[in-house]
Amino acid sequence: KPILYNQDRINLSIEYLKERHNLVQTEPIIQPKIIVLHYTAGGTLNSNFNYFNNTRIEGSRKYNKNQSLLNVSAHYLIDRNGKIYQLIHDTLFARHTIGLNYCAIGVENIGSKKEPLTQAQINSNAKLVRYLKKNYNIEYLIGHYEYGKFRKSKLWKETSSTYFTEKEDPGSAFMKKVRELITDLKLKYEP
């Protein structure tokens, strides 16, 4: 279920890589090292797909819009029944985790604090992580709420020291359950 990755998204992604990560590239390509699990904070499969399908960020998200006009997105979207949808190719740039977008695959799960993620989503995340680890040099699996641990690491590439937001998704209980299913992969969760 691919979202629109047109010339405008390509140009905005290349600009984001340069302005936010200080990386000059001619194509919006990433070399995945990290998988970041998220939740959508609500909505349905279709409403979230439609939101991510917009190339430019909505005007009401002023803080994020001031950093870049590129909309947020993710590589994968997992419905409450566990069905996995790929929105963007694994090695194309997506804006989902400040400081780490250039090397991170984003996985959004339909749900929120009030609508907890399901066992089917836990199982699907574990299967997807296994698939990605097999195909790429993935070293880390983190929840979005854990990304701040990377701020002083060599992996962190954010040009502004003040561009940071506190996150709670997808929650520590969810991450614990996913990690229990993939312990054999020995993925790290901090630098």
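The predicted model contains an open sheet of 5 strands in the order 3-2-4-1-5, with mixed pairing. Helices (H or I, at least four residues) and strands (E, at least two) are DSSP runs, numbered from the N terminus, and two strands are taken to pair if DSSP finds at least two bridges between them. The edge positions are held by strand 3 (84–86) and strand 5 (140–143), each of which pairs on one side only. From one strand to the next the twist averages 20°. Residues are numbered from 1 along each chain as its sequence is written, and side-chain values use heavy atoms, with hydrogens and water left out. Because the model is predicted, local features need pLDDT of at least 70 and side-chain atom pairs count only at pLDDT 80 or more, whereas totals for chains, interfaces and linings use all residues.

Within the sheet, strand 1 (residues 34–39) and strand 4 (residues 104–109) pair in the parallel sense over 6 bridges. In this pairing V36 has G106 of strand 4 as its bridge partner, and L37 stands opposite V107 in strand 4. Strand 2 and strand 4 also pair in the parallel sense, over 3 bridges, and here Y76 stands opposite V107 in strand 4. Strand 4 is mostly covered, with 6 of its 6 residues buried, where buried means under 20% relative accessible area, exposed over 50%, and partly exposed in between (1.4 Å probe, protein chains only).

Helix 5 packs in turn against helix 4 at an angle of about 50°, with the two axes 9 Å apart. Helix 4 and helix 5 are therefore oblique to each other, given that angles under 35 degrees count as roughly parallel, over 145 as roughly antiparallel, 65 to 115 as roughly perpendicular and the rest as oblique. Residues Q121, I122, N123, N125, A126 and R130 in helix 4 meet F174, K177, V178 and L181 in helix 5. Among these, Q121 of helix 4 counts as buried because its relative accessibility is 0%. Apart from residues up to four places away in sequence, Q121 touches I78, D79, R80, G82, N109, I110 and F174.

The largest nonpolar core has 56 residues, and those with the most contacts inside it are I34, I35, L37, L100, L141 and F150. Such a core is a set of buried Ala, Val, Leu, Ile, Met, Phe, Trp, Tyr and Cys residues joined through side-chain atoms within 4.5 Å. Two or more residues are given to this core by each of helix 1, strand 1, helix 2, strand 2, strand 4, helix 4 (119–135), strand 5 and helix 5. When residues up to four places away in sequence are not counted, F150 touches I34, L100, Y140, I142, L155, W156, Y189, E190 and P191. G99 lies in the loop between strand 3 and strand 4 and counts as buried because its relative accessibility is 0%. Leaving aside neighbours within four places in sequence, G99 is in contact with H21, L155, W156, K157 and E158. G99 and Y189 are 90 residues apart in sequence and 15 Å apart in space, C-alpha to C-alpha.

The peptide bond from D169 to P170 is cis, with omega near -5°, and P170 lies in the loop between strand 5 and helix 5. N22, in the loop between helix 1 (7–21) and strand 1, has a positive phi of about 60° although it is not a glycine; N22 counts as exposed because its relative accessibility is 61%. A41, in the loop between strand 1 and helix 2, likewise has a positive phi, near 70°, in a residue other than glycine, and at 57% relative accessibility A41 also counts as exposed.

Conventions:
Axes are lines fitted to C-alpha atoms, for helices over the stretch in contact, and angles run from 0 to 180 degrees between N-to-C directions. Contact means heavy atoms within 4.5 Å.
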